[in-house]
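Q: Hi! I'm new to this one, could you walk me through it?
A: Happy to, here it is.

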Amino acid sequence: MSESVQTTGNTATAAPVASASTADTDLLAQAADAVRAAGAVLRERFGDVIRYQSREDLMGALAANDDAALDLLRPALTRLRPAAGWVEDELDGGALPAGEWWVVDPAEGNVNHLHALPEWAVTATLVRDNQPVLTAVHVPLTGETYTALTGGGAHLDGRPLHVSQSEDLSLSLVATSQARPDEDENVVRRIGSSITAMLFDALVVRTSVPATLHLLNVAAGRLDAFWQFAGARADLLPGALLVTEAGGRISDAEGRPWTPQSESFLAAAPGVHAEAVTTLSR
């Protein structure tokens, strides 16, 4: 039995949950089809580096990718859950109103796509009363689809995922994501300090965007820990559910229960979680 990712209020906890329902299992399969279809559209747009000369040019190019994916993704997911709300701003954070919501990132790692780099994906997560119920993440350039269902485990193309068995941070590969260009200076400095601390304590430190792809690797046991300061729902909810269902632990950087209102995030294999907290708290 997995532990659920609690995202309501200010005191998220990991609590046992019942097995996934058949209805949600079927819904996840259809959501996975939707992200794969949207990913195919973005793959057709992928190739040459997109040149831009201003922030306005950059934002226009990012929006064009988002819109191309959303043209398929939004109607497909709306058909599955017509009454569900819709969140597509990847920078949004905090709790959602009661009920069901689709939290999507139509082009997670969009700036990488524009630069002809391979690290990008399409994500869709169903949140029910502020509890992530299911998530589907498709990586078009590898053809991989990662899925997780509360109480149903985490999978890569149908194969169960498990976090690593590492118990020594000094032998671990860890990762973080960089700050947004307009991030608060204190957050930027905290990120720099945390990277320095991890360079002393971990075996290898990776720094890149997007967060979701790092979290896929934690869930698959390829990375042992991922941390981030600040962050948004669309960045973290898919990976949080995948890591939890794969047997990992999530918290804030100080080891407290994580919620979308938290100022930091940590996902790790159980054997290195406490050590990672100690390093990040220095």
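Q: Which helix holds Leu 72?
A: Leu 72 sits in helix H2, residues 55-80. Helices here are DSSP runs of H or I with at least four residues, strands are E runs of at least two, and both are numbered from the N terminus. This is a predicted model, where local features need pLDDT of at least 70, side-chain atom pairs count only at pLDDT 80 or more, and totals for chains, interfaces and linings use all residues. Residues are numbered from 1 along each chain as its sequence is written, and side-chain values use heavy atoms, with hydrogens and water left out.

Q: And what does Leu 72 touch?
A: Leaving out residues up to four places away in sequence, Leu 72 touches Ala 37, Ala 38 and Val 41. Contact means heavy atoms within 4.5 Å.

Q: New topic: how do S7 and S8 pair?
A: S7 and strand S8 (residues 153-156) run antiparallel over 4 bridges; strands pair if DSSP finds at least two bridges between them. Thr 147 has His 155 in S8 as its bridge partner.

Q: What else does His 155 face?
A: His 155 stands opposite Pro 160 in S9. S8 and strand S9 (residues 159-160) also pair in the antiparallel sense, over 2 bridges.

Q: Which residue in the turn between S8 and S9 has a positive phi?
A: That is Asp 157, at about 50°, in a hairpin with 2 residues between the strands.
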